[in-house]
Amino acid sequence: MTASKLTVRPTAPAAAGSGRMAELALVERVRRGELGAFEELYRTHAGRLYSLACRMLGNPADAEDLLQEIFLAAHRKLDGFRGDAALGTWLYRLATNQILDHLRSRAARAGQLTDALDDTGTIADTASGRLGDRAVTKLDLERALAQLPEGCRAAFLLHDVEGLEHQEVAHVLGIAEGTSKSQVHKARLRLRALLTRGSSA
Amino acid sequence: MPCARYITSLQELADGTIGSIRRAEVEQHLETCEDCRAALADLEKIRDAAASLDELQPPERVWLQIAGRLRQEGRIQEAAAPAPPRRYLHAFALAAALVIAIGGSLLFIASRNRQVPATAPATATATPPTGVPDAAEVQAAATAVEEAQQKLEAAIGRLQQVADASLQAMDPKTAATLQKNIGIIDQAIAEERAAVKAEPMNVPARESLFEALKRKVVLLQDTIALMNEMRKGNPSGAAEIVGGKG
């Protein structure tokens with residue numbers, strides 16, 4: 001499965017031209033075997049990809065291992081990078097595919113493949129109180145996110161945190177656009193229930 | 001609980017993707033339904049918090065491991081010096097990653113130990129609040145340090161093999177000096193290891209052993225670097241390395 005037109009966080013048009021040239025020059029240095037060039041590429045993109053992996057997998061140790069595999073795969077595949085997409089988008093696509101493969105194999109091992117990425121479920125477990133005046137801190141949200149089922153967590157992260165459109169989320173996850181919407185909606189209601197429970201505890 | 005028939009509309013309203021006709025209907029409903037107003041406010045809070053989540057930074061060891069693997073697989077063009085054998089470059093990268101990992105864990109144990117009062121009462125709560133010591137956590141970190149230390153020692157073993165080969169190729173006087181320094185560090189490592197064995201949870205003892213292992217990594221690296229300088233026919237570079245070790 002390959003996402004063909006991710007448009008997240010586009011580069012400003014004025015900077016795009018020179019930025020693209022700089023990217024191609026950097027890629028060329030990596031192809032020549034310059035470790036410093038690859039380190040530059042790593043330092044620019046590792047934070048974003050690590051954040052995504054960490055939150056998607058719910059486990060920093062797995063995210064570290066996967067980040068390593070993502071960048072080693074990127075190094076191997078850079079020969080095929082033609083600059084059609086921005087380097088960040090190309091890497092992001094590679095990373096999401098690897099993260100999803102990892103999730104699928106983990107779900108398969110646990111015998112829950114069907115539920116993992118196409119879980120439509122019910123919203124009965126989302127009945128909740130209200131947050132009222134209580135603020136939702138980043139830490140609260142990170143903790144609640146880790147408790148979401150993988151399917152709706154992936155859709156929520158891609159849509160609400162990463163800023164992808166539902167069409168793009170659907171394409172990346174290999175699900176219908178309507179499923180993406182319902183997964184994101186369900187995730188928010190579950191988060192509300194989790195956050196409310198947290199505040200009443 | 002918001003009204004079931006408006007749940008999707010509330011989400012679309014929070015997203016700003018709702019159509020104008022539907023929007024008018026929902027807004028009218030919101031005027032009279034407190035549950036739906038509360039749900040909309042909560043959904044907006046969650047959406048805003050999600051959009052403001054910070055970027056997380058991976059630990060430095062991830063890059064060190066990537067660089068080590070790239071070198072090991074021969075995918076890096078080493079610039080100045082002739083490329084040294086891959087097997088000990090990997091050992092360098094592994095040793096460096098482990099030095100950082102062990103250092104971090106020691107700091108963790110040390111900071112935890114400082115917070116543990118000698119007579120800390122057992123706590124009945126399932127999840128201790130932040131900052132309160134947790135014996136299981138400290139034990140887990142100690143185990144991690146021990147495992148990392150074993151790997152570091154294995155990496156040192158591989159470096160030692162390369163260094164031994166380098167020593168054989170050197171002039172006997174220089175080799176003897178280096179061998180003597182390695183012997184002194186080995187003696188220190190043996191003493192520190194005995195201290196750790198006697199008191200596995202003693203943080204200063206572990207720190208000393210770790211320091212001794214670190215000194216050995218540096219010395220082995222220098223031995224190999226020295227050999228490279230001599231191969232390149234650069235006696236002054238070699239002298240500088242030996243002098244720096246004095």
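pLDDT is the predictor's confidence in each residue, from 0 to 100. The complex on screen is a predicted model, with an ipTM of 0.81 and a pTM of 0.57 from the predictor.

**Stop 1: chain B, coloured by confidence**

Select chain B and colour by pLDDT. The mean for chain B is 74, and 64% of its residues reach 70 or more. Helix H2 of chain B, residues 20–32, has the highest confidence in the chain, with a mean of 95. At the other end of the scale is helix H9 of chain B, residues 235–245, where the mean is 50.

Next, select residues 115–129 of chain B. Their pLDDT stays under 50, and the model gives this stretch six contacts beyond four places in sequence. Then take residues 241–246 of chain B, also below 50 in pLDDT, with nine contacts in the model beyond near neighbours in sequence. Where pLDDT is low, the predicted coordinates should not be read in detail.

**Stop 2: chain B as a whole**

Switch to a cartoon view. Chain B has nine helices and zero strands, so the order of elements from the N terminus is α-α-α-α-α-α-α-α-α. Of its 246 residues, 26% count as buried.

**Stop 3: H1 and H2 of chain B**

Select residues 7–15 of chain B, which form helix H1, together with H2(B). The two helices pack with axes 10 Å apart, at an angle of about 110 degrees. H1(B) and H2(B) are therefore roughly perpendicular to each other, as angles of 65 to 115 degrees count as such. Show side chains for the contact: H1(B) brings Ser9(B), Leu10(B) and Leu13(B), while H2(B) brings Arg22(B), Arg23(B) and Val26(B). By class, this contact has three nonpolar, one polar and two charged residues.

**Stop 4: the interface**

Show both chains. Here 30 residues of chain A are in contact with 30 residues of chain B. On the chain A side, the helices that each supply at least two residues are H2 (35–57), H3 (60–77), H6 (138–146), H7 (150–161) and H9 (177–200). H2(A) gives the most, with nine residues. The side of chain A that touches chain B is made up of 14 nonpolar, six polar and ten charged residues.

**Stop 5: H2 and H3 of chain A**

The crossing is right-handed. From H2(A), the residues in this contact include Phe38(A), Tyr42(A), Leu49(A) and Tyr50(A). Among those from H3(A) are Leu66(A), Leu67(A), Ile70(A) and Phe71(A). By class, the contact of H2(A) with H3(A) has 14 nonpolar, one polar and one charged residues.

**Stop 6: H7 of chain A**

Finally, select H7(A), one of the helices that supply residues to the side of chain A touching chain B. Eleven of the twelve residues of H7(A) are buried, so this helix is largely enclosed by the rest of the structure. The buried residues include the charged-class Glu150(A), Arg153(A) and Asp160(A), along with Phe156(A), Leu157(A) and Leu158(A). Just after H7(A), centre on Gly163(A), which takes a positive phi of about 85 degrees.

Terms used:
Residues numbered from 1 in each chain as written. Chains lettered and ligands numbered in written order. Predicted model: local features only at pLDDT ≥ 70, side-chain atom pairs only at ≥ 80, totals over all residues. Helix = DSSP H or I, 4+ residues; strand = E, 2+ residues; numbered from the N terminus. Contact = placed C-beta atoms within 7 Å. Axes fitted to C-alpha atoms, helices over the stretch in contact; angles between N-to-C directions. Parallel < 35°, antiparallel > 145°, perpendicular 65-115°, else oblique. Left-handed = near helix turned anticlockwise from the far one by under 90°. Buried ≥ 20, exposed ≤ 12 C-beta atoms within 10 Å, placed from the backbone.
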